[in-house]
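Here are my notes on the model, in the order I worked through it. Open the coordinates alongside and follow the points one by one.

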Amino acid sequence: MQVKAVFFARLKRELGQGELTLDAPAGVTVRQLAAQIEAAHGLSLRGCMVAVNETYATPEQVVGENDEVAFLPPVAGGSEDGADTHAEVTAAPLNLETAAHFLIRERYGAQAYFVGTVRSPNQGKVVEFIEYEGYAPLARRVMEDAAAAARERHGELRVYIEHRTGRLTPGEASILIGVASPHRRAALEACDLLIERLKVEVPVWKREGDEDGEHWVAGQTAHDTL
């Protein structure tokens, strides 16, 4: 079925147009439609309100044939500090092109990227898969806090962070970090800062399947524990 999506304010500027006509499966929810748009266009819709046919809707509302779905950023008077950060935990494959679409802006002359992939062998064992499990709401907050810390140290930045969940096989990307800044050094150093901070703070756990069976991978802690 076809659905009309419309965008306002910063969303319209970042997309470069005010509306899209989308092909979507029957029974699609507002949340699923938003995920489809984010994946295809690199547009972060997190924190936006939504209206279906000019009536406010919940993320779980089902969208019908020829419905108009409006994505509404926070209204004037609120803060848009998060507009330059995309932070997400997702079961979908990670995509460098989507990250670049979010990061590249005329005022930024440099982009730096880090992609972490499932490795095999690991510690001498052939790895068959790694199952990633995450606490998504807290993970997003940790990612956003890390991006804020990077800005405090390196100035104006645009930051893209995504971490996979689910079962991945060797060679698949598990984490993607991208940083855009006016100058090269800040982008490189901010990317490194994010890598080091997230690997000990983001609440994502790994269950590895190798030649000896399945086991949880030992983790690190950055905060007080019980």
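**Notes on strands, sheets and spaces**

1. Let's start towards the end of the numbering. Strand S8 (residues 127-134) and strand S12 (residues 204-210) run antiparallel and are joined by seven bridges. If you want a residue pair to click on, Gly134 has Val204 in S12 as its bridge partner. Keep in mind throughout that this is a predicted model.

2. S12 has another partner as well: four bridges join S12 to strand S13 (residues 213-216), again antiparallel. Here Arg207 stands opposite Trp216 in S13. The two strands make a hairpin, with two residues between S12 and S13.

3. Next, the five-stranded sheet. It is open, its pairing is mixed, and the strand order reads S2-S1-S5-S3-S4. At the edges sit strand S2 (19-23) and strand S4 (55-57), each of which pairs on one side only. On average, neighbouring strands here are turned by 30 degrees against each other, direction ignored.

4. Going through the pairings of that sheet, strand S1 (residues 2-7) runs antiparallel to S2, with five bridges between them. Val6 is found opposite Glu19 in S2. Helix H2 packs on the sheet and touches S1, S2, S3 and strand S5 (68-72), while the direction of H2 makes about 110 degrees with that of S2.

5. S3 has pairings to both S5 and S4. With S5, S3 pairs in the antiparallel sense over four bridges, and the bridge partner of Val52 in S5 is Val69. With S4, S3 is also antiparallel, this time through three bridges, and Val50 stands opposite Ala57 in S4.

6. On the aromatic side, the structure holds two aromatic pairs. One of these is Phe7 with Phe71, at 5.6 Å centre to centre and 15 degrees between the planes, and the pair is stacked. Why does that geometry get the label "stacked"? Because planes under 30 degrees apart count as stacked, and this pair has 15 degrees between the planes. The pair links distant parts of the chain, with Phe7 in strand S1 and Phe71 in strand S5, 64 residues apart.

7. Now the four-stranded sheet. This one is open too, with mixed pairing and the order S6-S9-S11-S7. S6 and strand S7 (110-117) are the edge strands, each pairing on one side only. From one strand to the next, the twist averages 5 degrees.

8. Val159 has Val179 in S11 as its bridge partner. Which strands does helix H3 (residues 96-103) touch as it packs on the sheet? H3 touches S6, S7, S9 and S11, and its direction makes about 155 degrees with that of S9. Helix H5 (residues 184-201) packs on the sheet as well, touching S7, S9 and S11, at about 145 degrees to the direction of S11.

9. Helix H2 (30-41), strand S3 (49-52), strand S6 (85-90) and strand S9 (158-164) each supply at least two lining residues. H2 gives the most to this lining, with six residues. Sorted by class, the lining comes to 16 nonpolar, six polar and six charged residues.

10. Finally, how many cavities of 30 Å³ or more are there? The count comes to one. The largest cavity holds about 30 Å³ of space. Its lining consists of Glu14, Leu15, His41, Gly42, Leu43, His101 and Arg105. By class, that makes two nonpolar, three polar and two charged residues.

Key. Residues numbered from 1 in each chain as written. Predicted model: local features only at pLDDT ≥ 70, side-chain atom pairs only at ≥ 80, totals over all residues. Heavy atoms only, no water. Nonpolar A, V, L, I, M, F, W, Y, C, P; charged D, E, K, R; others polar. Pairing = 2+ DSSP bridges. Axes fitted to C-alpha atoms, helices over the stretch in contact; angles between N-to-C directions. Contact = heavy atoms within 4.5 Å. 1 Å grid on protein atoms, 1.4 Å probe; cavity = no way out; pocket = protein on both sides within 12 Å on 5 of 7 lines; lining within 4 Å. Points joined across faces, edges and corners; volume = space filled by probe spheres on them. Phe/Tyr/Trp six-rings, centres within 6.5 Å; stacked < 30°, edge-to-face > 60°.
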